[in-house]
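Here is a set of questions and answers for someone meeting this structure without any background. Please look at the sequence and the structure first, and then read on.

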Amino acid sequence: MLNAFTGVFLAALAVAAATRLWLSLRQIRHVRAHRGAVPGMFAEAIPLAAHQKAADYTVAKARLGIIDTVLDAIILLALTLGGALQWLADLWARAFAVESLWHGTALILSVFVLKGILGLPLDLYRVFVVEERFGFNRMTPRLYFTDMVKHLLVGAVLGIPLLLVILWLMQAAGTLWWLYAWAVLVAYSLFLQMIYPAVVMPLFNKFSPLSDPVLAARVEELLRRTGFRSRGLYVMDGSKRSSHGNAFFTGFGAAKRIVLFDTLVSRLQPAEVEAVLAHELGHYKLHHVVKGMALSWAFSFALLFALGVLAAQPWFYLGLGVTTATAAMALLLFMLVVGEFTFFLQPLLSLFSRKNEYEADRYAAQYANPSELAHALVKLYHDNSATLTPDPLHSAYYDSHPPAAMRIARLRTA
Ligand SMILES: [Zn+2]
């Protein structure tokens, strides 16, 4: 019952997995080769010990990535050609009629739960062994598990209604179901962005108004200069889970909030925080956020169209090792395998993102002090043990941000 599509799928999986492994090995080799000396332009700011810690951390993460790649490929093969999906579909068929929404929902949720359970040991290892060893983990096992339960509940409350609507459209809305599903998805993503900062994020973190008067005054002044309106400036207790620092915006329109991690506020000088914020403001002012949303909608439009075509082809199911050709099975198969095909678009997305980062840096250089941004970047690289010497090809393929050396070189001429 396997067919030509089986060959296409296996080829995509093999090439994607081989590319992932090859890039990880290149990254490990490159970072190790440059472990011995801090690159010249950082020699004053970053001690050798910190540089070597960053190299070891990067190598440890790349090794985890290798295990993850292999594990994912095995799970994907077991689910599809290995017959696990068909076995689950038959199992649920004893309780629910095969074409029913119940059968479809049970099938999809049970696969998600199964994948979650299989991925758990590696995630525990990542948090409590790797992050712990390098001093970044602040999570207790108790917090890890309460987080997991909360994520599951939030995922169920927000995800199951959407799943039901899409499954229903697939069965009842005719050949253009995918177009209606896309409209639902776009509307739902806007709704999520509206409720996320006010409803979901407070479930996981505490947000308090920025209390440091010196920093608050600087930020107010920056907001005035750039003509940016927001619904307040908050500090988030990111240190509860990790000592990695960050700054971001949530929400959109007039409901935007600016959020600074407490780890960032405590480590950077006010002028440096101001420069980092100016960079984040740049992403908003230069429409990167809107462009990113438009891109993801265009992407989901193309994917749903593809699913609309594939769901009607018997070879799509048979080629992936299943005979139960229901709407839910089509959706599930598509979600499981699509990443092996879209993986090859990753370098384009990274390129788009890095271009935006340079533009935001240029914006920050206009409205704040570029050398303060450069200082802040060096501190963040140091504190996060981010490598200063990534493999150029690995970086070009995956990295959303340009390498530190290239960003700082541009900031110096700004
Ligand atoms: Zn940025």
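Buried means under 20% relative accessible area, exposed means over 50%, and partly exposed lies in between, with a 1.4 Å probe and protein chains only. This is a predicted model, in which local features need pLDDT of at least 70 and side-chain atom pairs count only at pLDDT 80 or more, while totals for chains, interfaces and linings use all residues. Residues are numbered from 1 along each chain as its sequence is written, and side-chain values use heavy atoms, with hydrogens and water left out.

Q: Is phenylalanine 301 buried, partly exposed or exposed?
A: Phenylalanine 301 lies in helix 10 (residues 288-310), where helices are DSSP runs of H or I with at least four residues, numbered from the N terminus. Its relative accessibility is 32%, and therefore phenylalanine 301 counts as partly exposed.

Q: Which kind of aromatic pair do tryptophan 178 and phenylalanine 301 form?
A: Rings of Phe, Tyr and Trp (its six-membered ring) pair if their centres lie within 6.5 Å, and planes under 30 degrees apart count as stacked, over 60 as edge-to-face and the rest as tilted. By this rule the count comes to 18 aromatic pairs. For tryptophan 178 and phenylalanine 301, the centres are 5.3 Å apart and the planes 75 degrees apart, so the pair is edge-to-face.

Q: What arrangement do the four donor atoms around the zinc ion have?
A: Donors are N, O and S atoms within 2.8 Å of the metal (3.2 Å for Na, K and Ca), and since water is not among the atoms, sites may look incomplete. The protein donors of the zinc ion are His279 (NE2), His283 (NE2), Glu357 (OE) and Glu357 (OE), at 2.0 to 2.7 Å from it. Four donors count as tetrahedral if all angles lie between 85 and 135 degrees, four count as square planar and six as octahedral if opposite donors are over 155 degrees apart and all others between 65 and 115, and anything else is irregular. Because the angles here run from 52 to 136 degrees, the arrangement is irregular.

Q: In which helix do histidine 279 and histidine 283 lie?
A: Both histidine 279 and histidine 283 are buried. They are four residues apart, about one turn of the helix, and that helix is helix 9 (residues 270-285).

Q: How far apart are the end C-alpha atoms of helix 4?
A: The expected span of a helix is 1.5 Å times one less than its number of residues. For the 33 residues of helix 4 (residues 101-133) this should give 48 Å, which agrees with the distance between the end C-alpha atoms, 46 Å.

How values were computed
Helices (H or I, at least four residues) and strands (E, at least two) are DSSP runs, numbered from the N terminus.
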